[in-house]
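The sequence and structure come first.

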Amino acid sequence: MPEYRTLARVADIPVGKAKAGRSGPLSIAIFNQGGQFFAIDDLCPHMGASLAEGIVRDGIVACGWHAWRFRLADGCWMNSPKLKIGCYPVRVVGDEIQVEV
């Protein structure tokens with residue numbers, strides 16, 4: 001059954017930045033875009049690079065290794081929406097960023 005887990009604090013991720021966190025076997029990238037938080041799988045399915053270290057523009061993160069691009073809102077690969085990575089609901093409780101995993 002999914003549950004929310006605290007993976008970061010609001011102060012840990014300034015606007016325009018990202019941070020990778022772990023929940024069990026999952027590596028999750030949390031992005032702060034204009035004060036709104038998004039969580040997707042951290043590892044690019046192409047070669048395993050950290051998406052938290054990628055470049056974000058207009059709600060899309062580009063993998064730093066080979067520029068595979070994924071939409072933060074739903075994890076869709078921009079070259080083919082049929083391929084998706086994990087995308088997780090996020091909530092902020094006090095100063096905690098919680099991700100449903």
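The side chains of K19 and D12 meet in a salt bridge, with 3.5 Å from N to O. A salt bridge here is a side-chain nitrogen of Lys or Arg within 4 Å of a carboxyl oxygen of Asp or Glu. K19 is partly exposed at 31% relative accessibility, and D12 is partly exposed at 38%. Buried means under 20% relative accessible area, exposed means over 50%, and partly exposed lies in between (1.4 Å probe, protein chains only).

This is a predicted model, in which local features need pLDDT of at least 70 and side-chain atom pairs count only at pLDDT 80 or more, while totals for chains, interfaces and linings use all residues. Residues are numbered from 1 along each chain as its sequence is written, and side-chain values use heavy atoms, with hydrogens and water left out.

**Salt bridges**

The structure holds five salt bridges. Side chains of opposite charge can pair when their charged atoms come close.

| Pair | N to O distance | Relative accessible area |
|---|---|---|
| K19 and D12 | 3.5 Å | K19 31%, D12 38% |
| E3 and R5 | 3.4 Å | E3 40%, R5 38% |
| R9 and D95 | 3.4 Å | R9 37%, D95 43% |

What does the R9 and D95 pair tie together? R9 lies in strand 1 (residues 4–9), and D95 lies in the loop between strand 11 (90–93) and strand 12, so the pair links parts that are 86 residues apart in sequence. Strands (E, at least two residues) are DSSP runs, numbered from the N terminus. R9 and D95 also belong to a network of salt bridges with E96.

**Q98 in strand 12**

Q98 lies in strand 12 (residues 96–100). Is Q98 buried or exposed? Q98 counts as buried, at 9% relative accessibility. A polar contact of 2.6 Å joins the side chains of Q98 and R91. Another, of 3.4 Å, joins the side chains of Q98 and T6. A polar contact is a pair of N or O atoms within 3.5 Å; within protein, one must be able to donate a hydrogen and the other to accept it, and residues adjacent in sequence count only if both atoms are side-chain atoms. Leaving aside neighbours within four places in sequence, Q98 is in contact (heavy atoms within 4.5 Å) with Y4, R5, T6, P89, V90, R91 and V93.

**Nonpolar cores**

A nonpolar core is a set of buried Ala, Val, Leu, Ile, Met, Phe, Trp, Tyr and Cys residues joined through side-chain atoms within 4.5 Å. The largest has 14 residues. Those with the most contacts inside it are F31, I40, L51, V61, F70 and L72. Strand 3 (26–33) and strand 4 (36–41) each supply at least two residues of this core. Beyond residues up to four places away in sequence, F31 touches K17, A18, Q36, F37, F38, I40, L51, A52, V56, V61 and L72. A second, separate core has ten residues, including L7, A39, Y88 and I97.

**Cysteines**

How many disulfides does the structure hold? There are zero. A disulfide is a pair of cysteine sulfur atoms within 2.5 Å. For C44, the nearest cysteine sulfur is that of C63, 4.0 Å away. C44 is buried, with a relative accessible area of 4%. For C87, the nearest is that of C76, 8.8 Å away. C87 is partly exposed at 31%.

Conventions: Helices (H or I, at least four residues) and strands (E, at least two) are DSSP runs, numbered from the N terminus.
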